[in-house]
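Thanks for passing this one along. Here are my notes, in numbered points, to read beside the model.

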Amino acid sequence: MPPEPPEGSHPAVMALNTPYYHNPRSELLAFLAQALGTIGPRVLNIGCAAGADAAGLRALGAQVLHGVEPVAPAAAEARSHYDRVDACTFADWEPPMRYDTVILADSLEHMPSPAPVLATVRDLLDGQRPILVLSLPNVRHVSVLLSLILRGDWHYRSAGILDDTHLRFFTARSVRRLLAGCGFAPVASRRYGAMRVTRLLERALPGSGEFLLSQLFILAQPLPLFPPSAL
(Lines give C-alpha, C1' and ligand atoms only; values in the text may rest on other atoms or scores of the structure.)
Protein backbone atom coordinates (compact mmCIF):
# COMPACT_ATOMS: atom_id res chain seq x y z
CA MET A 1 0.00 0.00 0.00
CA PRO A 2 1.78 3.19 -1.12
CA PRO A 3 2.22 5.71 1.70
CA GLU A 4 1.29 8.68 -0.49
CA PRO A 5 -1.63 8.02 -2.86
CA PRO A 6 -1.72 10.37 -5.87
CA GLU A 7 -4.06 13.35 -6.09
CA GLY A 8 -7.65 12.20 -6.24
CA SER A 9 -6.90 8.63 -5.19
CA HIS A 10 -8.69 6.27 -2.87
CA PRO A 11 -6.69 3.84 -0.71
CA ALA A 12 -4.15 1.91 -2.66
CA VAL A 13 -4.58 -1.73 -3.45
CA MET A 14 -5.68 -4.11 -0.73
CA ALA A 15 -7.23 -7.55 -1.20
CA LEU A 16 -10.38 -7.18 -3.27
CA ASN A 17 -12.16 -9.85 -1.22
CA THR A 18 -12.02 -7.70 1.93
CA PRO A 19 -15.24 -6.00 3.14
CA TYR A 20 -13.62 -2.64 2.35
CA TYR A 21 -14.59 -2.78 -1.32
CA HIS A 22 -17.97 -4.46 -0.82
CA ASN A 23 -19.58 -2.25 1.82
CA PRO A 24 -23.08 -1.23 0.57
CA ARG A 25 -23.00 1.84 2.86
CA SER A 26 -26.47 1.09 4.18
CA GLU A 27 -26.15 3.68 6.96
CA LEU A 28 -25.34 6.44 4.47
CA LEU A 29 -28.16 5.34 2.15
CA ALA A 30 -30.58 5.41 5.08
CA PHE A 31 -29.48 8.97 5.86
CA LEU A 32 -30.07 10.00 2.24
CA ALA A 33 -33.54 8.44 2.26
CA GLN A 34 -34.43 10.21 5.50
CA ALA A 35 -32.99 13.60 4.54
CA LEU A 36 -33.94 13.73 0.85
CA GLY A 37 -36.43 10.99 0.11
CA THR A 38 -35.04 10.65 -3.41
CA ILE A 39 -31.91 11.78 -5.25
CA GLY A 40 -31.55 13.21 -8.74
CA PRO A 41 -31.36 10.80 -11.68
CA ARG A 42 -27.73 11.47 -12.67
CA VAL A 43 -25.33 10.25 -9.97
CA LEU A 44 -21.53 10.23 -9.77
CA ASN A 45 -19.80 8.24 -7.02
CA ILE A 46 -16.13 9.19 -6.59
CA GLY A 47 -14.43 6.18 -5.05
CA CYS A 48 -17.22 3.73 -5.82
CA ALA A 49 -15.15 0.65 -4.85
CA ALA A 50 -16.78 -2.55 -6.20
CA GLY A 51 -20.19 -0.92 -6.63
CA ALA A 52 -21.99 -2.60 -3.72
CA ASP A 53 -24.13 0.51 -3.15
CA ALA A 54 -25.57 0.54 -6.69
CA ALA A 55 -28.89 -1.14 -5.83
CA GLY A 56 -29.44 1.23 -2.91
CA LEU A 57 -28.68 4.30 -5.03
CA ARG A 58 -31.01 3.14 -7.79
CA ALA A 59 -33.75 2.58 -5.20
CA LEU A 60 -33.32 6.23 -4.20
CA GLY A 61 -33.81 7.44 -7.78
CA ALA A 62 -30.49 7.06 -9.61
CA GLN A 63 -31.11 6.32 -13.29
CA VAL A 64 -27.66 7.09 -14.69
CA LEU A 65 -25.01 5.84 -12.28
CA HIS A 66 -21.34 6.62 -12.93
CA GLY A 67 -18.32 5.85 -10.80
CA VAL A 68 -14.63 6.71 -10.53
CA GLU A 69 -12.45 4.08 -8.88
CA PRO A 70 -8.62 4.02 -9.06
CA VAL A 71 -8.25 0.37 -8.01
CA ALA A 72 -8.69 -1.41 -11.33
CA PRO A 73 -10.02 -4.79 -10.05
CA ALA A 74 -12.64 -3.00 -7.96
CA ALA A 75 -13.59 -0.78 -10.90
CA ALA A 76 -13.98 -3.86 -13.11
CA GLU A 77 -16.37 -5.42 -10.61
CA ALA A 78 -18.31 -2.17 -10.20
CA ARG A 79 -19.00 -2.07 -13.94
CA SER A 80 -21.44 -4.95 -13.52
CA HIS A 81 -23.54 -2.71 -11.21
CA TYR A 82 -22.95 0.81 -12.54
CA ASP A 83 -23.66 2.23 -15.99
CA ARG A 84 -20.10 3.48 -16.33
CA VAL A 85 -16.98 3.19 -14.16
CA ASP A 86 -13.64 4.79 -15.02
CA ALA A 87 -10.59 3.10 -13.49
CA CYS A 88 -8.48 6.17 -12.68
CA THR A 89 -7.89 8.78 -10.04
CA PHE A 90 -10.29 11.70 -9.89
CA ALA A 91 -7.45 14.02 -10.90
CA ASP A 92 -7.02 12.07 -14.16
CA TRP A 93 -10.72 11.62 -14.85
CA GLU A 94 -12.47 13.31 -17.79
CA PRO A 95 -16.13 14.09 -16.93
CA PRO A 96 -18.53 12.78 -19.60
CA MET A 97 -21.46 14.89 -18.36
CA ARG A 98 -22.85 16.84 -15.39
CA TYR A 99 -24.69 15.34 -12.44
CA ASP A 100 -27.54 15.95 -10.02
CA THR A 101 -25.77 14.14 -7.17
CA VAL A 102 -22.05 13.68 -6.49
CA ILE A 103 -20.94 11.33 -3.72
CA LEU A 104 -17.61 11.41 -1.89
CA ALA A 105 -18.05 8.63 0.65
CA ASP A 106 -14.80 8.25 2.58
CA SER A 107 -12.75 9.45 -0.36
CA LEU A 108 -11.94 13.10 0.34
CA GLU A 109 -9.63 12.31 3.26
CA HIS A 110 -7.37 10.37 0.87
CA MET A 111 -6.83 13.40 -1.37
CA PRO A 112 -3.91 15.80 -0.81
CA SER A 113 -5.89 18.91 -1.81
CA PRO A 114 -9.62 18.68 -0.98
CA ALA A 115 -10.48 22.26 -2.00
CA PRO A 116 -9.69 21.87 -5.73
CA VAL A 117 -11.60 18.58 -5.73
CA LEU A 118 -14.68 20.30 -4.29
CA ALA A 119 -14.31 23.15 -6.76
CA THR A 120 -14.39 20.64 -9.61
CA VAL A 121 -17.36 18.87 -8.06
CA ARG A 122 -19.18 22.18 -7.79
CA ASP A 123 -18.79 22.70 -11.53
CA LEU A 124 -20.07 19.18 -12.19
CA LEU A 125 -23.31 19.67 -10.24
CA ASP A 126 -26.40 20.58 -12.20
CA GLY A 127 -30.15 20.05 -12.16
CA GLN A 128 -33.09 21.24 -10.07
CA ARG A 129 -31.71 19.94 -6.77
CA PRO A 130 -27.95 19.47 -7.02
CA ILE A 131 -26.50 17.73 -3.97
CA LEU A 132 -23.02 16.87 -2.73
CA VAL A 133 -22.94 13.84 -0.41
CA LEU A 134 -19.99 13.58 1.98
CA SER A 135 -19.00 10.87 4.42
CA LEU A 136 -15.87 11.60 6.44
CA PRO A 137 -14.14 10.17 9.52
CA ASN A 138 -14.39 12.35 12.63
CA VAL A 139 -10.91 13.02 14.01
CA ARG A 140 -12.42 14.51 17.19
CA HIS A 141 -13.42 10.99 18.20
CA VAL A 142 -12.66 9.89 21.75
CA SER A 143 -10.27 7.18 20.57
CA VAL A 144 -8.01 9.80 18.98
CA LEU A 145 -8.37 12.35 21.77
CA LEU A 146 -7.53 9.90 24.56
CA SER A 147 -4.38 8.80 22.76
CA LEU A 148 -3.31 12.43 22.38
CA ILE A 149 -4.16 13.39 25.97
CA LEU A 150 -2.79 10.33 27.74
CA ARG A 151 0.19 9.50 25.51
CA GLY A 152 0.74 12.62 23.42
CA ASP A 153 0.78 10.42 20.35
CA TRP A 154 -1.28 8.55 17.79
CA HIS A 155 -0.63 5.54 15.64
CA TYR A 156 -1.71 5.07 12.06
CA ARG A 157 -3.55 1.84 11.32
CA SER A 158 -4.66 -0.18 8.32
CA ALA A 159 -8.23 1.11 8.60
CA GLY A 160 -10.38 3.52 10.61
CA ILE A 161 -10.01 7.19 11.51
CA LEU A 162 -6.21 6.98 11.50
CA ASP A 163 -6.00 4.87 8.34
CA ASP A 164 -2.42 5.12 7.13
CA THR A 165 -3.59 6.33 3.71
CA HIS A 166 -5.51 9.31 5.13
CA LEU A 167 -3.87 12.56 4.10
CA ARG A 168 -6.46 14.95 5.56
CA PHE A 169 -8.38 14.96 8.85
CA PHE A 170 -11.73 16.59 9.57
CA THR A 171 -14.02 17.68 12.37
CA ALA A 172 -17.58 18.84 11.84
CA ARG A 173 -16.46 22.45 12.11
CA SER A 174 -13.48 22.14 9.78
CA VAL A 175 -15.45 20.42 7.02
CA ARG A 176 -18.14 23.10 7.20
CA ARG A 177 -15.45 25.76 6.85
CA LEU A 178 -14.02 23.89 3.87
CA LEU A 179 -17.44 23.65 2.23
CA ALA A 180 -18.15 27.35 2.75
CA GLY A 181 -14.80 28.26 1.20
CA CYS A 182 -15.60 26.12 -1.84
CA GLY A 183 -19.06 27.57 -2.41
CA PHE A 184 -21.25 24.99 -0.68
CA ALA A 185 -23.92 25.33 1.99
CA PRO A 186 -24.68 22.31 4.22
CA VAL A 187 -28.37 21.39 4.22
CA ALA A 188 -28.36 18.29 6.44
CA SER A 189 -25.92 16.34 8.57
CA ARG A 190 -25.72 13.31 10.82
CA ARG A 191 -23.14 11.54 12.91
CA TYR A 192 -22.81 7.79 12.84
CA GLY A 193 -20.89 5.21 14.86
CA ALA A 194 -20.30 1.64 13.77
CA MET A 195 -20.46 0.41 17.37
CA ARG A 196 -23.98 0.04 18.75
CA VAL A 197 -22.85 0.90 22.28
CA THR A 198 -21.59 4.32 21.21
CA ARG A 199 -24.87 5.04 19.42
CA LEU A 200 -26.79 4.15 22.58
CA LEU A 201 -24.52 6.36 24.70
CA GLU A 202 -24.97 9.25 22.29
CA ARG A 203 -28.74 9.01 22.64
CA ALA A 204 -28.44 8.98 26.43
CA LEU A 205 -25.95 11.87 26.49
CA PRO A 206 -27.10 14.63 24.11
CA GLY A 207 -24.18 16.44 22.51
CA SER A 208 -21.74 13.60 23.07
CA GLY A 209 -21.88 12.44 19.45
CA GLU A 210 -19.06 14.81 18.54
CA PHE A 211 -16.75 12.57 20.58
CA LEU A 212 -18.47 9.17 20.52
CA LEU A 213 -19.48 8.76 16.88
CA SER A 214 -16.74 8.16 14.34
CA GLN A 215 -18.38 9.21 11.08
CA LEU A 216 -19.73 12.50 9.68
CA PHE A 217 -22.43 12.53 6.99
CA ILE A 218 -23.09 15.89 5.32
CA LEU A 219 -25.32 16.96 2.43
CA ALA A 220 -24.47 20.28 0.79
CA GLN A 221 -25.81 22.38 -2.05
CA PRO A 222 -23.71 24.64 -4.30
CA LEU A 223 -24.25 28.32 -3.63
CA PRO A 224 -24.92 30.76 -6.51
CA LEU A 225 -21.70 32.12 -7.95
CA PHE A 226 -23.04 35.65 -7.50
CA PRO A 227 -25.62 36.81 -4.97
CA PRO A 228 -28.90 38.01 -6.54
CA SER A 229 -28.10 41.60 -5.53
CA ALA A 230 -24.96 41.52 -7.69
CA LEU A 231 -26.80 40.56 -10.86
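1. A term to settle before we start: a polar contact here is a pair of N or O atoms within 3.5 Å, where within protein one must be able to donate a hydrogen and the other to accept it. With that in hand, look at Arg25, whose side chain makes a polar contact of 2.6 Å with the side chain of Asp106. Please keep in mind throughout that this is a predicted model.

2. Now for the overall picture. The protein has eight helices and seven strands. Of its 231 residues, 46% are buried. Among contacts with a separation of 6 or more, 68% are between residues 24 or more positions apart.

3. Back to Arg25, which sits in the segment before α1. Is Arg25 buried or exposed? Its relative accessible area is 11%, and because the cut-off for buried is under 20%, Arg25 counts as buried. Leaving out residues up to four places away in sequence, Arg25 touches Ala105, Asp106, Ser135, Gln215 and Phe217.

4. The backbone at both ends of the Arg25 and Asp106 pairing deserves a look. Most residues other than glycine have a negative phi. Arg25, although not a glycine, has a positive phi of about 55 degrees. Asp106 is not a glycine either, and its phi is positive at about 60 degrees. Asp106 belongs to the loop between β4 and α4, and with a relative accessible area of 15% it is buried.

5. In soluble globular proteins, nonpolar side chains tend to be buried together. The largest core here has 27 residues, and the members touching the most others are Leu104, Leu108, Leu118, Val121, Leu132, Leu134 and Phe184. At least two residues of this core come from each of β1 (42–46), β4, α4 (114–124), β5 (131–137), α6 (172–181) and β7 (215–222). The element that gives the most is α4, with four residues.

6. Cys48 has a relative accessibility of 4% and so counts as buried. Setting aside residues up to four places away in sequence, Cys48 touches Gly67, Val68, Glu69, Ala78, Tyr82 and Val85. Cys48 and Leu104 are 56 residues apart along the chain, with their C-alpha atoms separated by 8.6 Å.

7. Last, His66, in strand β2 (residues 64–68). Its relative accessibility of 9% is why His66 counts as buried. Leaving aside neighbours within four places in sequence, His66 contacts Val43, Leu44, Asn45, Tyr82, Asp83, Arg84, Pro96, Met97 and Tyr99. With which residue do the side-chain atoms of His66 form a polar contact of 2.8 Å? The partner is the side chain of Tyr99. His66 and Val85 are 19 residues apart in sequence, and the C-alpha to C-alpha distance between them is 5.7 Å.

Terms used
Residues are numbered from 1 along each chain as its sequence is written. This is a predicted model: local features need pLDDT of at least 70, side-chain atom pairs count only at pLDDT 80 or more; totals for chains, interfaces and linings use all residues. Side-chain values use heavy atoms; hydrogens and water are left out. A nonpolar core is a set of buried Ala, Val, Leu, Ile, Met, Phe, Trp, Tyr and Cys residues joined through side-chain atoms within 4.5 Å. Buried means under 20% relative accessible area, exposed over 50%, partly exposed in between (1.4 Å probe, protein chains only). Contact means heavy atoms within 4.5 Å.
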